Amino acid sequence: MAIFNPKPYHIMVREIQTRLLSHKYIHLRWLEAHFVYLGNKCTDQLAKDAITKGNPFFLPKPLSYLKSEIRSAALSIWQDNWDNGETGLSTHDIVPRVSNKPVGWKREELMFVTGHWPFPSYLHRFNLRTHDNCSCREKGDPMHYATKCRFTLSWYFQTPIVTLKLQWLKNIVTNNLSRTRLRLLMRFICDENNLIVEDNH
């Protein structure tokens with residue numbers, strides 16, 4: 001079937017097709033197995049030798065196999081970097097396994113889970129603010145705005161027990177209603193940043 005394919009992918013099939021075209025007296029036919037045909041036994045022996053003694057011919061792998069191997073190796077390296085890296089630790093706890101499939105998070109969910117801009121705790125860490133306080137005079141991190149800041153009361157989430165904080169975060173980013181509320185919270189924080197972040201001075 002591969003030899004009759006007008007557009008074969010395998011280099012060996014193309015080579016066989018070229019040789020058959022240049023030797024018109026060679027014909028291919030299907031032969032039923034286990035019947036004594038001239039050359040059938042010899043062919044079987046050569047096939048067995050190739051498996052047991054090592055193939056003396058160069059048989060390149062199909063492109064699909066190579067793609068699969070490269071993808072698998074890349075994912076393995078990526079997973080190792082993700083497990084042993086020094087950044088993204090909060091996100092690693094929620095998404096421990098790397099994948100080519102996107103998690104489906106929007107910008108607001110990413111900012112909340114990673115704790116990046118516009119939170120004072122993040123800006124202070126990189127010396128973009130002199131302190132990390134919210135206007136409430138408490139530390140302005142994602143948990144503060146999601147559970148106790150008086151300015152974000154409309155979007156409160158129930159405060160989790162410390163030991164269940166990771167599960168709490170996972171529940172928020174996997175529940176559609178919670179994610180919608182989280183997006184509204186993050187949009188408010190971004191739009192009203194001057195209101196909820198204590199002035200540097």
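A residue is called buried when its relative accessible area is under 20%, exposed when it is over 50%, and partly exposed in between (1.4 Å probe, protein chains only). In this predicted model, buried residues make up 29% of the 201 residues in the chain. Residues are numbered from 1 along each chain as its sequence is written, and side-chain values use heavy atoms, leaving out hydrogens and water. Local features need pLDDT of at least 70 and side-chain atom pairs pLDDT 80 or more, while totals for chains, interfaces and linings use all residues.

**Helices**
- The chain has ten helices and zero strands; helices (H or I, at least four residues) and strands (E, at least two) are DSSP runs, numbered from the N terminus.

**Nonpolar core**
- A nonpolar core is a set of buried Ala, Val, Leu, Ile, Met, Phe, Trp, Tyr and Cys residues joined through side-chain atoms within 4.5 Å.
- The largest one has 26 residues, and Phe112, Phe119, Phe157, Trp168, Leu182, Leu185 and Met186 have the most contacts inside it.
- At least two core residues come from each of α5 (107-114), α6 (120-125), α7 (142-147), α8 (165-174) and α9 (176-191).
- α9 gives the largest share, six residues.
- Leu185 touches Phe112, Tyr145, Ala146, Thr152, Trp155 and Phe157, leaving aside residues up to four places away in sequence; a contact means heavy atoms within 4.5 Å.

**Helix α8**
- Trp168, Leu169, Ile172 and Val173 are the buried residues of α8.
- They lie on the same side of α8 because they cover an arc of only 125 degrees around the axis, taken from the directions from the helix axis to the C-beta atoms.
- The buried residues of α8 pack against α4 (89-94), α5, α7 and α9.
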